[in-house]
Amino acid sequence: MYLRILTPEELKGVYETDLREAFPPAELKPLQAIEGMREKGVYDPLVLIDDAGEMAGYIFLWKHVDGRYVLIDYLCVPAGRRNGGVGGKLLQAAREHYPADIVFIGETEAPTGDPERDRMILRRLGFYARNGARTLGYDCALFGVHYRTICWADPMPEEAEVLRKHQEIYIQQFSREKYDRFIQIPLHPGERPRPVTDWDE
């Protein structure tokens with residue numbers, strides 16, 4: 001198995017099918033925004049190719065301009081390939097695809113208190129923990145969705161540096177006005193996420 005960049009045509013197809021199936025509108029950026037970041041050189045939409053030459057899953061990485069920090073923007077395994085270990089292989093392949101000193105930041109939805117909804121959320125948190133993620137000491141909220149912040153790095157940098165780079169990844173993309181309205185990094189203890197808003201507002 002290996003990773004490669006999706007072509008622009010493949011990206012459109014994956015976005016309209018697998019990503020739309022896997023992510024709610026509040027978590028899905030407009031395709032135009034993804035294409036724009038890719039053109040700027042700060043976004044890698046990667047596909048995992050299996051031993052049969054088929055697309056097995058996707059990991060989209062949003063890069064800090066310093067090149068050392070990357071945010072796992074989307075990790076997506078198509079419905080027909082789930083529960084077969086593809087997600088873990090995607091994470092492993094990404095760690096091997098980039099230099100060893102790269103710091104990977106992740107955002108995974110925080111438990112809500114709703115047992116039905118939290119079943120999948122806790123399963124996802126467990127998946128990341130089994131695959132070596134460290135849960136950081138700060139949460140965040142993006143367009144009203146509350147996330148836990150996770151990280152992979154060896155060696156692990158100071159958490160204050162990870163927080164600053166996490167903020168800067170968003171600051172480099174959004175105007176200050178939009179950042180202040182929709183991005184809460186960190187989400188302070190007792191602070192509530194703002195109302196849920198679609199990415200394309």
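The expected span of a helix is 1.5 Å times one less than its number of residues. Keep that rule in mind as we start our tour of this structure, which is a predicted model.

**A helix to begin with**

Helix 3 covers residues 86-97, twelve residues in total, so at 1.5 Å a residue it should span 16 Å. Several residues of helix 3 are tucked away from the surface: the buried ones are Val-86, Gly-87, Gly-88, Leu-90, Leu-91, Ala-93 and Ala-94.

**The largest pocket**

How much space lies in the largest pocket? About 1,100 Å³. It is lined by 37 residues, and Phe-23, Leu-75, Met-120, Arg-124 and Tyr-128 are the closest to its centre. Helix 3 returns here, as one of the elements that give two or more residues to the lining; the others are strand 4 (69-76), strand 5 (103-109), helix 4 (115-130) and strand 7 (145-152). Which element gives the largest share of the lining? That is helix 4, with eight residues. Sorted by class, the lining holds 19 nonpolar, seven polar and eleven charged residues.

Now for some single residues. The table shows how accessible each one is.

| Residue | Relative accessible area | Class |
|---|---|---|
| Asp-50 | 11% | buried |
| Asp-180 | 40% | partly exposed |
| Gln-184 | 3% | buried |

Asp-50 sits in the loop that joins strand 2 (43-49) and strand 3 (55-63). Because buried means under 20% relative accessible area, its 11% places Asp-50 in that class. The side chain of Asp-50 comes to 2.8 Å from the backbone nitrogen of Glu-54. Beyond its neighbours within four places in sequence, Asp-50 is also in contact with Met-1, Ala-56 and Arg-81.

Asp-180 belongs to helix 6, which runs over residues 176-182. Its 40% makes Asp-180 partly exposed.

Gln-184 is part of strand 8, residues 183-187. With a relative accessible area of 3%, Gln-184 is buried. Where does the side chain of Gln-184 reach? It meets the backbone nitrogen of Arg-194 at 3.1 Å. Setting aside residues up to four places away in sequence, Gln-184 touches Cys-140, Ala-141, Glu-191, Arg-192, Pro-193 and Arg-194.

Notes:
Residues numbered from 1 in each chain as written. Predicted model: local features only at pLDDT ≥ 70, side-chain atom pairs only at ≥ 80, totals over all residues. Heavy atoms only, no water. Helix = DSSP H or I, 4+ residues; strand = E, 2+ residues; numbered from the N terminus. Buried < 20%, exposed > 50% of the residue type's maximum accessible area, 1.4 Å probe, protein only. 1 Å grid on protein atoms, 1.4 Å probe; cavity = no way out; pocket = protein on both sides within 12 Å on 5 of 7 lines; lining within 4 Å. Points joined across faces, edges and corners; volume = space filled by probe spheres on them. Nonpolar A, V, L, I, M, F, W, Y, C, P; charged D, E, K, R; others polar. Polar contact = N/O pair within 3.5 Å; in protein donor to acceptor, adjacent residues only side chain to side chain. Contact = heavy atoms within 4.5 Å.
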